[in-house]
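This report walks through one protein chain, from its overall make-up to individual residues. Please keep the sequence and the model open while reading.

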Amino acid sequence: MTTLHTAAVSRTDPRPTAVTPVRPSGGSRPTLRLARHLVPYWRRLLPAALAAAGSELAAAALMATASWLITRAAQQPLIASVSLAIVAVRALALGRGALRYVDRLLGHDGVLRAVAGFRTRVYEALVPLAPAGTPAFRSGDLLTRLVDDVDAAQDLLLRVLLPVVAACAVCVAATTTAALLLPQAGLLLGPLLAVAALLVPAAVLAVAHRAGREQAAVRAELAAHVVDLTQGAADLAAYGARDRAAERARRAAARIARLERHRALTTSLASAVLLLLQGTALVAVTWTALHAHADGRLPSVHLTVLAVLALVSFEALEPLPAAAFRLADVRARAARLADLFDTPPPVTEPAAPAALTADGPLGVQITNLTVRHTADAPPALDGVSLHLSAGRRTVLLGASGSGKSTLIAALMRFVDYESGSIRLAGHELRDCAGSDVRRVITGMTQDAHVFHATIRANLLLARPGATDAELRDAARRARILDWIESLPKGFDTFIGQDGTEVSGGQRSRLLLARALLADPPVLVLDEPTEGLDPDTASAVLADILDATRGRTTLLVTHEREGLTAADQVVRLDGGRILARGAA
């Protein structure tokens with residue numbers, strides 16, 4: 001939970017293009033890997049599968065028993081001789097409905113629990129990638145993986161495995177019953193059911209496999225276009241690119257529509273083949289049964305049962321073509337999830353993390369630090385040495401691209417360093433768990449996010465158990481308390497997505513208040529005045545330096561005004577320290 005919280009509070013983007021998804025090989029079997037994630041929930045899923053099979057068996061048995069009863073009743077027997085069949089019909093009719101209800105209840109309960117657990121595991125796999133690894137995926141595509149692709153687990157269980165289990169149970173029961181009544185009928189019905197249950201879905205799966213991969217990719221592309229259209233609407237309109245962006249989205253939607261039509265046509269053809277096989281089975285079994293009845297080898301009541309059994313046994317196979325399409329879609333989505341699971345994290349966690357404890361302000365010693373974003377790229381940081389003294393405020397000046405954000409990313413274990421050393425509380429930083437590091441070193445990063453929630457909720461993200469007095473104190477130190485209290489709802493005011501309902505200065509001060517509330521031993525503040533006018537930026541910087549007095553602080557900025565209270569000012573350019581001294 002701490003890792004998720006810290007990743008949400010402290011995000012940075014140190015040119016994370018080095019991380020790319022690792023495509024699973026053909027032998028990785030993504031569908032099997034997906035199924036393995038669901039195995040822990042088998043105790044909830046097994047009763048649902050048994051109920052689904054029981055429901056279909058009850059339906060087939062009901063029709064067969066009812067046909068036997070009608071035929072036997074036509075012979076006007078004693079009521080005692082058909083009383084058992086009457087009871088069986090009533091029991092099967094009630095049992096079918098009850099089993100169908102239990103099937104739906106247990107199936108959806110088990111599947112939803114399994115999908116919820118699997119979604120958590122996917123998110124946990126994503127956390128080590130953030131923030132340096134997530135830009136390897138487009139935001140809309142990543143959202144599709146977290147939502148639609150995870151739902152592939154639900155489809156695999158509800159729309160593939162359960163129908164297949166039910167269909168197999170009916171096929172085995174129908175073939176066995178037919179063989180017991182008339183061996184020749186069983187020999188005819190069994191192969192036809194096998195063709196319908198195996199070959200037809202296999203053919204659909206072969207056709208659907210390529211379409212499934214294409215459809216999953218196109219849906220992700222459409223999601224990415226939609227995110228671009230919504231989040232970048234203002235910029236697209238400003239540069240006259242809205243129509244071109246909308247046209248790309250329309251083309252993706254048209255491709256999805258074409259694939260859906262192809263899917264509907266294939267499913268219809270498969271259903272027609274099943275209907276043809278059903279008719280063939282009915283005619284063949286009935287013809288064989290009539291000959292056996294004429295020879296005196298088969299009672300008339302059994303003849304009716306065989307005919308009805310040949311007819312109803314195929315009804316359980318009707319969902320299989322759609323299940324084959326679902327399986328193709330699941331395979332494509334499982335492969336995309338395998339990409340996510342197989343993407344290596346930008347930072348490797350130590351096998352035996354050192355225990356990192358902190359009481360009060362800490363110092364950080366950075367020595368000859370070198371960081372590269374890719375192996376063949378020039379160093380983003382080249383031999384940087386810097387000492388962050390305990391309880392002192394260090395300002396790091398530099399233009400965009402000078403390596404400031406990369407240094408913060410290395411301090412917070414979002415990127416690894418090639419050589420050099422970062423020492424914290426007597427430990428080398430790479431020997432500590434990333435979550436432990438970010439409990440000690442955290443704060444406000446350049447792309448810090450304001451959530452679409454209340455002011456209170458945004459602040460409590462830093463410390464969920466904070467009291468109202470602590471919230472007010474953090475807001476006061478960030479010089480934003482008076483503004484909050486002037487609002488009609490105070491701390492319970494909603495501030496819009498990414499703080500769109502507040503000014504840039506108020507947004508920066510809100511983020512500063514959140515960082516101060518976190519109260520880490522080492523506070524980092526990356527470009528807290530980004531986007532502000534010079535006068536507001538100078539005032540915010542002065543307030544930050546005043547609020548962080550006596551705290552180990554690294555303030556990264558490109559502003560030169562309002563820094564007189566800093567204890568140390570360091571200038572960074574081209575990944576190297578050029579100058580340092582007092583403010």
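## Terms and basis

A residue is called buried when its relative accessible area is under 20%, exposed when that area is over 50%, and partly exposed in between, as calculated with a 1.4 Å probe on protein chains only. Helices (H or I, at least four residues) and strands (E, at least two) are DSSP runs, numbered from the N terminus.

The model is predicted: local features need pLDDT of at least 70, and side-chain atom pairs count only at pLDDT 80 or more, while totals for chains, interfaces and linings use all residues. Residues are numbered from 1 along each chain as its sequence is written, and side-chain values use heavy atoms, with hydrogens and water left out.

## The chain as a whole

The protein chain has 18 helices and 10 strands, and buried residues make up 47% of its 583 residues. Contact here means heavy atoms within 4.5 Å; among the contacts in the protein chain with a separation of 6 or more, 79% are accounted for by residues 24 or more positions apart.

Helix α17 (residues 504–518) has 15 residues, and its end C-alpha atoms are 21 Å apart, which agrees with the 21 Å it should span at 1.5 Å a residue; the expected span is 1.5 Å times one less than the number of residues. The helix is mostly covered, with 11 of its 15 residues buried, namely G505, S508, R509, L510, L511, L512, A513, R514, A515, L516 and L517. After α17 comes D519, whose phi is positive, near 50°.

A474, in helix α15 (residues 468–477), counts as buried because its relative accessibility is 0%. Leaving out residues up to four places away in sequence, A474 touches A513, L516 and L517, which are buried residues of α17. A474 and D519 are 45 residues apart in sequence, yet their C-alpha atoms are 9.5 Å apart in space.

T553 is placed in strand β8 (residues 552–557) and counts as buried because its relative accessibility is 1%. Its side chain reaches the backbone oxygen of R551 at 3.0 Å. Such a polar contact is a pair of N or O atoms within 3.5 Å; within protein, one must be able to donate a hydrogen and the other to accept it, and residues adjacent in sequence count only if both atoms are side-chain atoms. Apart from neighbours within four places in sequence, T553 is in contact with R392, R393, T394, L523, L525 and T548.

## Aromatic rings and a charge

Rings of Phe, Tyr and Trp (its six-membered ring) pair if their centres lie within 6.5 Å, with planes under 30 degrees apart counted as stacked, over 60 as edge-to-face and the rest as tilted. By this rule there is 1 aromatic pair. F118 and F341 form this tilted pair, at 6.3 Å centre to centre and 35° between the planes. The pair links distant parts of the chain, since F118 belongs to helix α4 (residues 79–126) and F341 to helix α11 (residues 320–342), 223 residues apart. At 1% relative accessibility F118 is buried, whereas F341, at 26%, is partly exposed.

Elsewhere, the charged end of R430 sits over the ring of Y417, 4.0 Å from its centre; the rule requires NZ of Lys or CZ of Arg within 6 Å of the ring centre and within 35 degrees of the ring normal.

## Cysteines

How many disulfides does a search of the whole structure find? With a disulfide taken as a pair of cysteine sulfur atoms within 2.5 Å, the search finds 0. C168 is in no disulfide, and the nearest cysteine sulfur, that of C171, is 6.5 Å away, which is too far for a bond. C168 is partly exposed at 44% relative accessibility, while C171 is buried at 11%.

## Positive phi in two loops

Q76 has a positive phi of about 55° although it is not a glycine. Q76 lies in the loop between α3 (42–74) and α4 and is exposed, with a relative accessible area of 72%.

A425, likewise a residue other than glycine, has a positive phi near 55°. The loop between β4 (419–424) and β5 (427–428) holds A425, which is partly exposed, with a relative accessible area of 32%.
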